[in-house]
Amino acid sequence: VQLQASGGGLVQPGGSLRLSCAASGNAVSINAMGWYRQAPGKQRELVATITSGGSTHYADSVKGRFTISRGNAKNTVYLQMNSLKPEDTAVYYCNADTTSVRYWGKGTLVTVSS
């Protein structure tokens, strides 16, 4: 499974961005997908996850502002980010879980600054 993330960039506080991540290869084996982020000098942390059945989980810091969803083909995951704050600045990574392996995509940088 290969993951390709896109959609990062520079946005002002209060703005919005939408991240996308497309899986290729043996995508039919994917169960859950998700987003993590890593800010400078900090550990990678969970942002949101979504199962193949559509169940979602969010970090407390993004609840009510971010929405994770999957495309109809189930091999794409999106992260709609609203009301962005400077502390959301990080490299965002998508991941995909099969029954035995976790795959990671290359990160996409999100910078929230005026």
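## Reading the strands and rings

Tutor: Let's start with a contact: Arg44 lies over the face of Trp104, at 4.6 Å from the ring centre. Keep in mind that this is a predicted model.

Student: What makes Arg44 count as lying over the face of Trp104?

Tutor: The cut-off asks for CZ of Arg within 6 Å of the ring centre and within 35 degrees of the ring normal. Arg44 is at 4.6 Å, and it lies over the face of Trp104. Another case is Arg18, whose charged end sits over the ring of Tyr78, 4.0 Å from its centre.

Student: Why are Tyr36 and Trp104 called an aromatic pair, and why edge-to-face?

Tutor: The structure holds 1 aromatic pair, and Tyr36 and Trp104 form it, at 5.1 Å centre to centre with 75° between the planes. Ring centres must lie within 6.5 Å, and planes over 60 degrees apart count as edge-to-face.

Student: How do you know whether Tyr36 is buried or exposed?

Tutor: Buried means under 20% relative accessible area. Tyr36 has 15%, so it counts as buried. Trp104 has 36%, so it counts as partly exposed, because that class lies between 20% and 50%.

Student: Which strands does β9 pair with?

Tutor: Strand β4 (residues 33–38) pairs with β9 in the antiparallel sense over 6 bridges; here Tyr93 in β9 is the bridge partner of Tyr36. Strand β11 (residues 108–112) also pairs with β9 in the antiparallel sense, over 3 bridges, and Thr108 in β11 is the bridge partner of Tyr92. Then there's strand β10 (residues 102–104), antiparallel to β9 over 3 bridges. In β10, Trp104 is the bridge partner of Asn95. β9 and β10 form a hairpin with 4 residues between them.

Student: Why is β9 called mostly covered?

Tutor: Of its 8 residues (90–97), 7 are buried. Across the protein, buried residues make up 41% of the 114 residues.

Student: How many helices and strands are there, and how do you know how compact the protein is?

Tutor: There are 0 helices and 11 strands. The radius of gyration is 13 Å, close to the 13 Å from the globule rule for 114 residues, so the protein is as compact as a globular protein of that length.

Notes: Residues numbered from 1 in each chain as written. Predicted model: local features only at pLDDT ≥ 70, side-chain atom pairs only at ≥ 80, totals over all residues. Heavy atoms only, no water. Buried < 20%, exposed > 50% of the residue type's maximum accessible area, 1.4 Å probe, protein only. Helix = DSSP H or I, 4+ residues; strand = E, 2+ residues; numbered from the N terminus. Pairing = 2+ DSSP bridges. Phe/Tyr/Trp six-rings, centres within 6.5 Å; stacked < 30°, edge-to-face > 60°. Rg over C-alpha atoms; globule rule 2.2 N^0.38 Å.
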